Amino acid sequence: MMPLDGLRVVELAAIGPAPFCGMMLADLGADVLRVERPGGPADAWGRSPVLDRGRRTVTLDLKDAGQVAQALDLVADADVFLEGFRPGVAERLGLGPRECLARNPRLVYGRMTGWGQNGPYAHTAGHDITYLAVSGALHAIGRAGERPVPPVNMLGDFGGGGMLLAFGVLAGVFHARRTGRGQVVDASIVDGAALLTGMVHGFLAEGSWRDDRGVNLLDGGAPFYDTYVCQDGGYVAVGALERKFFRALVQRLGLEDDPAFHGDHLDRARWPAIRARLTETFAKRPRDEWHVLFRDTECCVAPVLSLAEAAADEHNVARGVFRELDGVRHPQPAPRFGDG
């Protein structure tokens, strides 16, 4: 039995974070019924066979009053309703919270937008990169003195968006089952991305973080938490933050007697010398040789794998992190559930 067996979800077809939420719910056993528009999605570029997995589908023309009534019939038997339109669109279709909750007072109505349902930017067009820009998260990503770097669309659309929508929806379901009253979940990518910067705001408040990119402990500013190019052009990722991991790294590299590694590695004055020596050292061997050298050590070093390489990595294979279905590589559902 799956954790969400018996949960009934109606999802209006959309792109990006809303279907990611639907995928997560379906992965854990929810019965997700997607309502498609006639002719398929208008923005097919934002859809994928991975995000679309696990659904049943029905096609309805939501510009037709009779078919909107059919959609409301589906809502009447659902636990959750998901929509990813701009604010006001669902209301104009006759599928807003008022109409849906009138048909089903226990319904959890999940709304996914970039800016949120209200505020000065609510009706403005945007994408992951613009939402991250306003949340402050984008400012923190990139090399010192260079432009901010968009982190694909993982941090906004999926981390701050779809994943928090799923969290909010399940919190709403818990509330509805205790009280008999539904909820409207206003999930905004700006809100979610800002929430994900919580630890950094804490560091700022205590003075251990500078409000700039590429100069801090976790943003590539520290030489022991960064990537390095190898002899063959591949990369390794180094995450030797704690003193014991840093000392293990230095010993494994045979650099204990190098003056660059004497003293406290958290002393920023030492970082340029440490970086120079690590850059020089990692350039002496191919990436996969470094992987063999650091495997099963306490050094916190790993090869930077491509998407294709990650699917073949021994750890990922052993845990079944990826699976190929109909010629498409699928990351498998997470988290996992079991008895112990």
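How many bridges join strand 4 (residues 80-83) to strand 5 (residues 108-113)? Four bridges join these strands, which run parallel.

## About the model

This is a predicted model: local features need pLDDT of at least 70, side-chain atom pairs count only at pLDDT 80 or more, and totals for chains, interfaces and linings use all residues. Residues are numbered from 1 along each chain as its sequence is written, and side-chain values use heavy atoms, with hydrogens and water left out.

## The sheet

Six strands form an open sheet with parallel pairing, in the order 3-2-1-4-5-6. Strands (E, at least two residues) and helices (H or I, at least four) are DSSP runs, numbered from the N terminus. Two strands pair if DSSP finds at least two bridges between them. The edge strands, strand 3 (55-59) and strand 6 (183-188), each pair on one side only. From one strand to the next, the twist averages 20°.

Helix 6 packs on this sheet and touches strand 4, strand 5 and strand 6. Its direction makes about 165° with that of strand 5. Contact means heavy atoms within 4.5 Å. Axes are lines fitted to C-alpha atoms, for helices over the stretch in contact, and angles run from 0 to 180 degrees between N-to-C directions. Glutamate 83 has arginine 111 of strand 5 as its bridge partner.

## Two crossing helices

The axes of helix 6 (residues 154-179) and helix 7 (residues 189-196) come within 8 Å and cross at roughly 100°. The two helices are therefore roughly perpendicular to each other (65 to 115 degrees). Helix 6 contributes residues including Leu155, Asp157 and Leu164 to the contact. Among those from helix 7 are Ile189, Ala193 and Leu196.

## Aromatic pairs

The structure holds 12 aromatic pairs. Rings of Phe, Tyr and Trp (its six-membered ring) pair if their centres lie within 6.5 Å; planes under 30 degrees apart count as stacked, over 60 as edge-to-face and the rest as tilted. Phenylalanine 224 and tryptophan 271 pair edge-to-face, at 5.7 Å centre to centre with 85° between the planes. This pair links distant parts of the chain, 47 residues apart. Phenylalanine 224 lies in the loop between helix 8 and strand 7 (225-229), and tryptophan 271 in helix 10 (residues 271-282). Both residues are buried (under 20% relative accessible area, with a 1.4 Å probe and protein chains only). Ring pairs link Phe224, Phe246, Phe261 and Trp271 into a cluster.

Phenylalanine 282 and tryptophan 290 also form an edge-to-face pair, with 5.0 Å between centres and 70° between the planes. Phenylalanine 282 and tryptophan 290 are buried.

Key:
Parallel < 35°, antiparallel > 145°, perpendicular 65-115°, else oblique. Buried < 20%, exposed > 50% of the residue type's maximum accessible area, 1.4 Å probe, protein only.
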